[in-house]
Amino acid sequence: MIEYWDVYDKDKNKLDKVVTRGETLKDNEYHLVVCVWIRNSEGKFLISQRSANKKHPLLWEASGGSALKGETSLDAALREIKEEVGIMLDPNKGKLFGSTIRNYPNCSDIYDVWLFENNTPIADLILQKEEVNDAKWVTVDEIKELAKLKQFDINPFFEEVLQIK
């Protein structure tokens with residue numbers, strides 16, 4: 001399936017342009033990407049392991065992905081989590097934690113990091129096999145250990161999210 005992305009300027013203003021995934025963006029153009037951290041009432045985070053068939057295979061991460069044409073950042077966060085792990089997040093239990101620009105050759109992005117509260121048991125998750133190999137609830141110390149072993153995707157706001165009480 002072809003993905004279409006809205007194009008933004010550095011201030012997150014939507015431009016009158018749509019591209020397909022893989023299409024080259026100009027230096028002053030960005031697409032929107034979300035990262036979704038989910039924390040339960042015990043203070044543990046839900047992390048997922050990337051599929052063996054994806055770039056950075058079997059790396060653990062907070063789930064997320066690119067916003068599709070017409071989606072807001074929140075829309076994309078809710079959709080990505082529903083698709084990848086089968087959780088219907090309550091939009092009222094989430095907040096935009098931070099936003100930054102990541103500059104990559106030909107495909108820079110605006111990277112929005114979300115934090116949600118949710119207590120879905122692992123047994124109730126429905127993993128999207130093309131995207132996710134496994135998922136688990138872990139402590140902050142377990143995430144830091146995975147990161148130390150280079151088995152976790154350290155992304156913007158990583159340290160800040162893990163410091164939340």
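How many bridges join strand 4 to strand 9, and in which direction do the two run? There are six, and strand 4 and strand 9 run antiparallel.

Before that, some ground rules. The model is a predicted one, so local features are taken only at pLDDT of at least 70 and side-chain atom pairs only at pLDDT 80 or more, while totals for chains, interfaces and linings use all residues. Residues are numbered from 1 along each chain as its sequence is written, and side-chain values use heavy atoms, with hydrogens and water left out. Helices (H or I, at least four residues) and strands (E, at least two) are DSSP runs, numbered from the N terminus. Two strands pair if DSSP finds at least two bridges between them.

First, strand 4 and its partners. Within the pairing with strand 9, Arg50 has Val132 as its bridge partner. Strand 4 is also joined to strand 3 by two bridges, and these two run antiparallel. Arg39 stands opposite Phe45 of strand 4. Strands 3 and 4 form a hairpin with five residues between them, and Gly43 in the turn has a positive phi of about 85 degrees. Strand 5, residues 60-61, is joined to strand 4 by two bridges, again antiparallel. There, Ser48 has Glu61 in strand 5 as its bridge partner.

Is strand 4 mostly covered or mostly open? Six of its six residues are buried, where buried means under 20% relative accessible area, exposed over 50%, and partly exposed in between (1.4 Å probe, protein chains only).

Gln49 counts as buried because its relative accessibility is 12%. Its side chain makes a polar contact of 2.6 Å with that of Asn133. A polar contact is a pair of N or O atoms within 3.5 Å; within protein, one must be able to donate a hydrogen and the other to accept it, and residues adjacent in sequence count only if both atoms are side-chain atoms. Using contact in the sense of heavy atoms within 4.5 Å, and not counting residues up to four places away in sequence, Gln49 touches Leu58, Leu59, Trp60, Glu131, Val132, Asn133 and Asp134.

Ala52 counts as partly exposed, because its relative accessibility is 48%. Leaving aside neighbours within four places in sequence, Ala52 is in contact with Pro57 and Leu58.

Next, helix 1. Its 13 residues should span 18 Å at 1.5 Å a residue, and its end C-alpha atoms are 18 Å apart, which agrees. The expected span here is 1.5 Å times one less than the number of residues. Buried residues in helix 1 include Ala77, Ile81 and Val85. The buried residues of this helix pack against strand 3, strand 4, strand 6 (64-66), strand 8 and strand 9. Just after helix 1, Gly86 takes a positive phi of about 80 degrees.

That brings us to the interior. In soluble globular proteins, nonpolar side chains tend to be buried together. A nonpolar core is a set of buried Ala, Val, Leu, Ile, Met, Phe, Trp, Tyr and Cys residues joined through side-chain atoms within 4.5 Å. The largest one here has 20 residues, and Val36, Ile38, Leu46, Ile81, Ile87, Leu89 and Phe116 have the most contacts inside it. Strand 3 (31-39), helix 1 (73-85), strand 8 (109-117) and strand 9 (132-138) each supply at least two residues of this core. A second, separate core of 19 residues includes Ile143, Phe152, Phe158 and Leu162. Back in the largest core, Leu89 is in contact with Val36, Ile38, Leu78, Ile81, Phe116 and Asn118, leaving aside neighbours within four places in sequence.

Last, the cysteines. How many disulfides are there? Taking a disulfide as a pair of cysteine sulfur atoms within 2.5 Å, the count is zero. Cys35 is in no disulfide, and the nearest cysteine sulfur, that of Cys107, is 17 Å away. That distance of 17 Å between the sulfurs of Cys107 and Cys35 is too far for a bond. Cys35 is buried, with a relative accessible area of 1%, whereas Cys107 counts as partly exposed at 22% relative accessibility.
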